[in-house]
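This report goes through selected side-chain features of one protein model. The sequence and structure come first.

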Amino acid sequence: MKKQVWVIEDDPDIGEIVTFLLDSDGHQVRLFENAASFENSLSQGEKPDLFLMDVMLPDGDGVALCELVKSNQDLSHIPVMMMSAHASFAKVRLSCRAEEFMPKPFDIDELSAKVQQLLS
């Protein structure tokens, strides 16, 4: 059965690459370009198997979204991987209980391996 990964990424090029990569790995991907569309889907009760979130979004903060997920009893068990070109994992971990972090630019094989590890 395909695992569902929700990707919150505002850069269309990165979103396309991540979607293609994860789709090629056999996952079902849902791409959100902003915090509002992501939060709207959460409010409808939908749940993925993994959240992959950019730290900097045009209408919000990925770290705050991570904490929103992790503070929700129905979602807190779902792993979160944060991505950023500007923040470090140490900095992100101060405000967010993400299980993993991927610095940008990222190696596609490393991203794929980390996603596989979180989903297993």
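Helices and strands here are DSSP runs, numbered from the N terminus. The model is a predicted one.

His27 sits in the loop between helix 1 (12–24) and strand 2 (28–32). With 5% relative accessibility, His27 is buried, because the cut-off for that class is under 20%. The side chain of His27 makes a polar contact of 2.6 Å with the side chain of Gln116. Beyond four places in sequence, the residues that His27 touches include Lys2, Val5, Leu22 and Leu119.

The structure holds six aromatic pairs.

| Pair | Centre distance | Plane angle | Geometry |
|---|---|---|---|
| Trp6 and Phe38 | 6.0 Å | 85° | edge-to-face |
| Trp6 and Phe51 | 5.9 Å | 80° | edge-to-face |

Trp6 belongs to strand 1 (residues 4–8) and Phe38 to helix 2 (residues 35–43), so their pair ties together parts 32 residues apart in sequence. Phe51 lies in strand 3 (residues 50–54), so its pair with Trp6 ties together parts 45 residues apart. Trp6 is buried at 0% relative accessibility, and Phe51 is buried with a relative accessible area of 0%. Phe38 is buried too. Ring pairs link Trp6, Phe32, Phe38 and Phe51 into a cluster. Arg30 lies over the face of Trp6, 5.3 Å from the ring centre.

There is one disulfide. It joins Cys66 and Cys96, with the sulfur atoms 1.9 Å apart. Cys66 is in helix 3 (residues 62–70), whereas Cys96 is in the loop between helix 4 (89–93) and strand 7 (100–103), 30 residues apart. The torsion about the S-S bond of Cys66 and Cys96 is about 70°, so the disulfide is right-handed. Both Cys66 and Cys96 are buried.

Technical notes. Residues numbered from 1 in each chain as written. Heavy atoms only, no water. Helix = DSSP H or I, 4+ residues; strand = E, 2+ residues; numbered from the N terminus. Buried < 20%, exposed > 50% of the residue type's maximum accessible area, 1.4 Å probe, protein only. Polar contact = N/O pair within 3.5 Å; in protein donor to acceptor, adjacent residues only side chain to side chain. Contact = heavy atoms within 4.5 Å. Disulfide = S-S within 2.5 Å. Phe/Tyr/Trp six-rings, centres within 6.5 Å; stacked < 30°, edge-to-face > 60°. Lys NZ or Arg CZ within 6 Å of the ring centre and 35° of its normal.
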